[in-house]
Amino acid sequence: MDQSQEIEFAWLLTTGIGITFMLAVVIILFVVFYQKRLSQQQLHMQELENQQQQQLFSATNQVQEKERKRIAHDLHDDVGVVLSTAKLYLSHLIDQPEIQEVAQKIDQLVDTAAQNVRQISHNLTPQNLEKFGLVSAINEMCKHIQEAHQLEVKFEHNEEERLAFEQELGVYRIVQELLNNGLKHAQASEILLGVVFQPKKFILHYQDNGVGVDLENLAKTSNFGLGLQNMIGKAEVLKGQIKFQSKPANGFRASLNLEIQHS
Amino acid sequence: MSFFINALFASMFVGGLIPVIIGFASYHSLTPVKRLILALMVCSLGLNIIQITLALHSIPNLFIGHIYTLIEFILIAYIYKLKLDKLIPLSVFIAIVVGFVVFSLFNTFVIQGLHANNSYQRTLESVLVVVFVSLYFYKTAKELKVQRIEREPLFWFSAGALLYFSGALFIFIFSNYLLLYSRSLGITFWTAHTFFLLLFYLFSTIALWINPKK
């Protein structure tokens, strides 16, 4: 091979190598950028989906609260009035000696029914919450539980600040769910609740000495798992963060952090 | 010139040694794909050492290339069989590997001979590996299961394999011609081959080093 042929061949070979090598580089870069762009799009879609889900959850919550309010009003205004009227008629019967004993028993039953209706109505829409705020409503809830279930519920708080009512209601429902879990599933004998109002932040702590749960293996279909999902959903609607910590035979802890929105 | 050739041998040896060290350092945590990459790097290093030793003792060493190419292709095909099993049926994989082995044996003993440069075998191997890598890239981009591609070991290995096999394809095609008619050109282009090989080793090292879970 003479020199000019050698140069020509070397040039052709270099061009061939260069083209295939560059092609390989272009393919790799294309795959990287294409994959990254699609991943970002997927992430964006997921964010949108999460946002939509949050809106849906929020709307469901609002409807649920409205319906609770309606049922509470109906119970209080309709059933409550009917029971009061029944009590009024009963007062006439109590004076008659031959049926006095039966009338007294019916009177007691009507009293219990009226009290239960008041309690259910109150649980459905905590009047206390709207009028006096979160601390008062949680205090009352703790008192009721302590009286009814013979367990110690300690509630600690600093100086209260009123939050937006939606936030207060959301936090109240989360506390309700936590206490409900503590009673139903954890079989706790001691519950510690604490709320901290900071200038821009609201923190809720919950701790019980119950049976605890393996959070990682918690089946999503179980009632307790659904309760946790529900609380996570409520915290997301409030734009807050809820964290759970538990191990079997080691109690259950939860903490909620929120940015404060004033009413 | 002999200093330059020795430097090439030394760089191939060191380049091949690094992924082997990295691979064995984290051997217990290696995934099946990473273990296959490590096996490939070990074979490459071992056969490189034999090839270099034979060359330094002026003993013909071209037969090593026939054996190495066969092992290299089977290992690479197995790596992609694990990842492309839904895209390419097992029977097709087996047919490709059996076809390649048959062709290699035929080339070694009939077409080019055991002591000739195995350019046909290398060229066919390069084309098949480029096809596997392209299919892997297509699958990765289509499925979007990988969130961060820069943390995916097989992506790095595939990028290295694509750069090496496509870059060196023309060298493989004309390797016999180069060595036969112009020694100086031959050395120049085998230097380029070493550069592509070092890139392949570098990318394989990254593949063995990174952990997608982190």
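These legends walk you through several close-up views of a predicted model.

**View 1. Where chain B and chain A meet.** Welcome to the contact between the two chains, which draws 27 residues from chain B and 23 residues from chain A. Between them, chain B and chain A bury about 2,300 Å², and 77% of this lies on carbon and sulfur atoms. On the chain B side, look for Leu144(B), Phe170(B) and Phe189(B): they lose the most area to chain A, together 23% of what that side buries.

**View 2. A salt bridge across the interface.** How many salt bridges are counted between chain B and chain A? The count is 1, and here the side chains of Glu150(B) and Lys36(A) meet, with 2.8 Å from N to O. Polar contacts across this interface come to 2 residue pairs, both at pLDDT 80 or more.

**View 3. The side of chain B that touches chain A.** Five helices of chain B, α5 (119-143), α6 (153-167), α7 (169-173), α8 (175-181) and α9 (183-209), each supply at least two residues of this side. Sorted by class, this side of chain B has 20 nonpolar, 6 polar and 1 charged residues.

**View 4. Inside the largest pocket.** The largest pocket has a volume of about 1,200 Å³. Its lining is made of 38 residues, and those nearest the centre are Phe9(B), Gln51(B), Asn61(B), Leu62(B) and Trp190(B). Which helices of chain B each supply at least two residues of the lining? They are α1 (2-25), α2 (32-56), α3 (62-83), α8 and α9. By class, the lining of the largest pocket divides into 20 nonpolar, 15 polar and 3 charged residues.

**View 5. A salt bridge within chain A.** Over all chains, a search of the whole structure finds 13 salt bridges. One of them joins the side chains of Asp107(A) and Lys87(A), at 3.0 Å from N to O. This pair links distant parts of the chain, 20 residues apart: Asp107(A) sits in helix α2 (residues 100-124) of chain A, and Lys87(A) in helix α1 (residues 3-94) of chain A.

Technical notes:
Residues numbered from 1 in each chain as written. Chains lettered and ligands numbered in written order. Predicted model: local features only at pLDDT ≥ 70, side-chain atom pairs only at ≥ 80, totals over all residues. Heavy atoms only, no water. Contact = heavy atoms within 4.5 Å. Buried area = accessible area lost by both parts, 1.4 Å probe. Salt bridge = Lys/Arg side-chain N within 4 Å of Asp/Glu carboxyl O. Polar contact = N/O pair within 3.5 Å; in protein donor to acceptor, adjacent residues only side chain to side chain. Helix = DSSP H or I, 4+ residues; strand = E, 2+ residues; numbered from the N terminus. Nonpolar A, V, L, I, M, F, W, Y, C, P; charged D, E, K, R; others polar. 1 Å grid on protein atoms, 1.4 Å probe; cavity = no way out; pocket = protein on both sides within 12 Å on 5 of 7 lines; lining within 4 Å. Points joined across faces, edges and corners; volume = space filled by probe spheres on them.
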